[in-house]
Structure formats: C-alpha cells, structure tokens
Amino acid sequence: DKDRFETSPRMVDHMREYQAAIASMDLASTEPAYPAPNGSEFVGAKTCGKCHTKAYGIWKNSKHAHALESLEKGRPGTEDWWVDRREDPECLACHVTGWAPQDVVRFETGFTSLEQTPDLAGNQCENCHGAGKTHSELEFAFQRGSDLTDEHTAARRSMHLEKEWASKNLCVKCHD
C-alpha cells in the first residue's frame with residue numbers, strides 16, 4: 001500500500017502487462033454468466049430512480065455511482081502510476097452492477113462493458129437490493145392502475161433491506 005511501500009516502476013509495468021492480457025481475453029463478457037439469485041434481470045439505477053427519486057439523487061452523487069470511473073483513474077495522488085482496471089473481472093465485481101463480488105462472476109444481465117451495458121456502470125441499487133426488473137414492472141403496472149397482488153407485495157418485500165443487516169451482510173462483500 002502507498003503508506004508502507006514506494007511505487008515500483010517495474011511493478012507498474014507488470015500490472016500494465018497483466019491488465020492488457022486480461023483486456024485481450026475479454027473476460028467480462030466471455031466468461032460464463034449465471035442467473036441472478038432472485039431470478040429477475042438488472043435494469044439499472046435510472047429505472048429505480050423513476051420512483052425512488054430521493055435515493056437516486058443521493059446515489060448519483062456518491063462514490064458508488066462513480067465506482068467504475070475509479071478503476072480508470074485511481075484515487076487522487078495515484079495519477080502518475082495508476083493502471084486502468086476496467087477490464088479486470090476481479091475489480092469489476094465490486095465496481096459495476098450485476099456481479100457476485102466474492103465469487104467474481106457476472107450474472108446474465110449484469111454489466112459487461114460500457115459499450116454494451118452503460119446503464120449498469122458503477123455500484124448501483126441492484127447490487128444490494130437484487131435485480132429489479134420484476135419489481136419495477138410490477139410497480140409501473142400498479143401506477144397504471146393494476147391491482148396490488150400477492151406477487152407484487154412479495155416483490156416489494158424482497159427488495160427491502162434493513163440498514164444494519166445490509167452493513168453486516170452486504171457491504172462487506174466489496175468492502176472487505
């Protein structure tokens with residue numbers, strides 16, 4: 001780490017070679033993907049923000065929203081030696097939406113690249129609350145006048161998180 005070790009130009013060169021090799025393999029989109037644990041699909045924070053406007057506004061200005069950018073630029077003070085890690089699945093698992101961080105695997109509708117899935121860049125709502133397509137479709141139908149069904153109520157419950165539980169069980173998946 002920066003406090004105990006000086007930056008080694010030789011190690012920076014090794015990291016550049018390693019990241020270039022990973023990029024050439026296109027692992028983020030070619031490795032096998034798995035269904036999301038809740039069986040839904042990822043829709044991105046913009047969809048969540050259509051109803052959850054206050055939470056979306058807070059998230060949009062957070063470090064989580066810009067997590068992918070941090071893989072490109074690094075932290076302040078690292079500009080001279082930082083190596084772009086936006087192609088590295090081990091890094092993407094925490095910095096984008098739709099991956100299992102501890103397993104370093106992508107879910108089927110999770111982020112693959114800025115070109116293919118730009119709406120899933122950054123660490124978004126669904127990384128903690130679960131893939132949101134089913135929930136959002138039910139909510140939009142409800143807004144248009146459909147009845148509140150048991151399925152709808154269950155979908156709402158499945159997205160709810162208690163902050164204390166989340167900090168003990170979810171945050172640590174990336175903030176380990």
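This report walks through a predicted protein model, from its overall build to a pocket and a handful of individual residues.

## About the model

The model is predicted, and local features need pLDDT of at least 70, side-chain atom pairs count only at pLDDT 80 or more, and totals for chains, interfaces and linings use all residues. Residues are numbered from 1 along each chain as its sequence is written, and side-chain values use heavy atoms, with hydrogens and water left out.

## Overall build

Let's start with the fold. The protein chain has ten helices and two strands; these are DSSP runs numbered from the N terminus, with helices being H or I of at least four residues and strands being E of at least two. In sequence order the pattern reads α-α-α-α-α-α-β-β-α-α-α-α. The C-alpha trace spans about 65 × 30 × 25 Å along its principal axes.

Contacts, meaning heavy atoms within 4.5 Å, can be sorted by separation along the chain. Among those with a separation of 6 or more, 66% are between residues 24 or more positions apart.

## Surface and charge

The accessible surface of the protein chain comes to about 11,600 Å², and carbon and sulfur atoms hold 53% of that. These areas come from the Shrake-Rupley method with a 1.4 Å probe, and for residues only the protein chains shown count as cover. Of the 176 residues, 35% are buried; here buried means under 20% relative accessible area, exposed over 50%, and partly exposed in between (1.4 Å probe, protein chains only).

The chain carries 21 positive and 29 negative charges, and their mean positions are 6 Å apart. Lys and Arg count as positive and Asp and Glu as negative, while His and the chain ends are not counted. Each charge is placed at NZ of Lys, CZ of Arg, CG of Asp or CD of Glu.

## The second largest pocket

The second largest pocket holds about 1,200 Å³ of space. It has 34 lining residues, and those closest to its centre are Ser-70, Gly-74, Arg-75, Trp-82 and His-95. Helix H1 (9–25), helix H5 (67–73) and helix H6 (89–95) each give at least two residues to this lining, with H5 supplying the largest share, five residues.

A word on terms: on a 1 Å grid over the protein atoms alone, a pocket is an open set of points with protein on both sides within 12 Å along at least five of seven lines, whereas a cavity is a set of points where a 1.4 Å probe fits but cannot get out; lining residues have an atom within 4 Å of a point. Grid points are joined across faces, edges and corners, and the volume is the space filled by probe spheres set on the points.

## Buried residues and their partners

Val-83 sits in the loop between H5 and H6. Val-83 counts as buried because its relative accessibility is 7%. Leaving out residues up to four places away in sequence, Val-83 touches Val-12, Met-15, Arg-16, Gln-19 and Leu-71. The C-alpha atoms of Val-83 and Ala-21, 62 residues apart along the chain, are separated by 13 Å.

Further on, Gly-132 occupies the loop between helix H7 (126–129) and helix H8 (133–143). At 3% relative accessibility, Gly-132 is also buried. Beyond four places in sequence, Gly-132 touches Ser-40, Glu-41, Val-43, Glu-126 and Met-159. Thr-47 is 85 residues away from Gly-132 along the chain, yet their C-alpha atoms are separated by 8.6 Å. Ser-136, in helix H8, is buried with a relative accessible area of 10%, and with neighbours within four places set aside, Ser-136 is in contact with Val-43 and Thr-47.

## Partly exposed residues

Most residues other than glycine have a negative phi. Asp-26, not a glycine, has a positive phi of about 50°; Asp-26 lies in the loop between H1 and helix H2 (27–30) and is partly exposed at 32% relative accessible area. Val-104 likewise has a positive phi, near 55°. Val-104 belongs to the loop between strand E1 (99–100) and strand E2 (105–106), and is partly exposed with a relative accessible area of 30%.

Lys-60 is found in helix H4 (residues 53–60), and counts as partly exposed at 45% relative accessibility. Neighbours within four places aside, Lys-60 is in contact with Ala-65 and His-66. The C-alpha atoms of Lys-60 and Gln-124, 64 residues apart along the chain, are separated by 9.1 Å.
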